[in-house]
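Subject: Structure handover

Dear colleague,

Here is the structure we spoke about. Please look it over alongside the notes below.

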Amino acid sequence: MSVVLAKAAGGSFGRQSWSQLPRVAGCVIVQHRDASNTVPSQLSALKRGTGGRSSFSGIVATVFGASGFLGRYVCNRLGKIGSQVIVPYRCDAYDIERLRMTGDLGQVLFFPFHLKDEDSIRKTVQYSNVVINLIGREFETKNFTYNDVHVKGARRLARIAKECGVERFIHMSHLNAKADPQKIWTSSDYLKSKYEGELAVREEFPEAIIFKPADMFGSEDQFLNYYNYRSRWSVVPQGIPLWKKGEQTIKQPVYVADVAEGIIQSIRNSGMEGKDIECVGPQRYYLADIVDYIIRVLRREDTLKRTDRTLMLRVKAMLLDRVATKSWYNADKLEREAITDWTTPGNPTLEDLGVDLKQFDAMARFLLFPMRRNAYYAEKLGEFAEPEPPLPAEHYISKHTAATS
């Protein structure tokens, strides 16, 4: 409490006006502060807003792997609904600075961490009610193997999250992660480690939600751009080598924003705890038709053809495995791209979460159109025909059934 004596400023009023003013003896200012023990210890217990980017949704989420392909979409969705997002990072700080714009001012926080340092992990999850593990590696290095990242790292994150009282733990796996995945040339160590990671997460956090996506496509993806990468093409003859020309592989690609939306819906709605959610697109296609459609959109029908001559490509991939730098493909990647996507009956999907799935052909054309050949040529309206969309795999199956019956 403090007392401030009022002092009149001379010349502000006339003599008559000043005499009519009430006499002020003093002014009392009372300051009151809430005791620190009344402030909630958990950020998620703070008062929630009405919804939207500038209000608090009650979600405090730690997103591991936020700098990756899917992580950027997840952070954007979290920030859009007014969540506080904690981003642990191991890369250079400049690589994640754009994520600051996904949320409102001060709602996206960054913290350096290491996957093998439990103290740094605990600091990033101790105030969160949601932890999302999106960490994954497409290739092995001398510092991190598939087992280090997908199994030991996932187990460590799930255990620490459980110890810190996290309400929901979301783990990202793969649709074809099985104990004995389909074998084309050699077994995929990537898929085996993903399956073992699921088991490890279930042991440490039984009610964890595991997402199992198929190949995800979107801006800056490794699916559409993967087949548009020149190093993936063969020189003699020029084309795209595929196992059996892609005519015995069925894929069900899913749009990456749909997967991110499914993660948000699993956080906001109950009923998915302890379940495996399979993330697939609305249509199944033969890989041959997908690659042919990519070629048509790129306007390279006269130069690129599918081929089954994969020997030189696999030799090159094995050599790239010995290089300590990131490459567009390796031997395990070639193995996974030839494996057919199979869903498990009874497992929930993105549609069960209320996600409106995007069509592959429409989104693929939108994403690949700027990369087409002679993209800066101002063609006349109707000069080039629209690329014919791929036919679903069910079209060939029904046609074959009708022919044999």
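Predicted model: local features only at pLDDT ≥ 70, side-chain atom pairs only at ≥ 80, totals over all residues.

Residues are numbered from 1 along each chain as its sequence is written, and side-chain values use heavy atoms, with hydrogens and water left out.

The protein chain has a mean pLDDT (the predictor's confidence in each residue, from 0 to 100) of 86, with 85% of its residues at 70 or more. Residues 1–13 have pLDDT below 50, and this stretch makes 13 contacts (heavy atoms within 4.5 Å) beyond near neighbours in sequence. Residues 32–36 stay under 50 as well, with zero contacts beyond four places in sequence.

Strands and helices are DSSP runs numbered from the N terminus (strands E, at least two residues; helices H or I, at least four). Strand β4 (residues 84–89) has six of its six residues buried, so it is largely enclosed by the rest of the structure. Buried means under 20% relative accessible area (1.4 Å probe, protein chains only). Gln84, Ile86 and Pro88 point one way from β4, while Val85, Val87 and Tyr89 point the other way.

β4 pairs (at least two DSSP bridges between the strands) in the parallel sense with β3 (residues 60–64) over three bridges; Ile86 is the bridge partner of Thr62. β4 also pairs in the parallel sense with β5 (residues 108–112), over five bridges, and Tyr89 stands opposite Pro112 there.

Regards

Key: Buried < 20%, exposed > 50% of the residue type's maximum accessible area, 1.4 Å probe, protein only.
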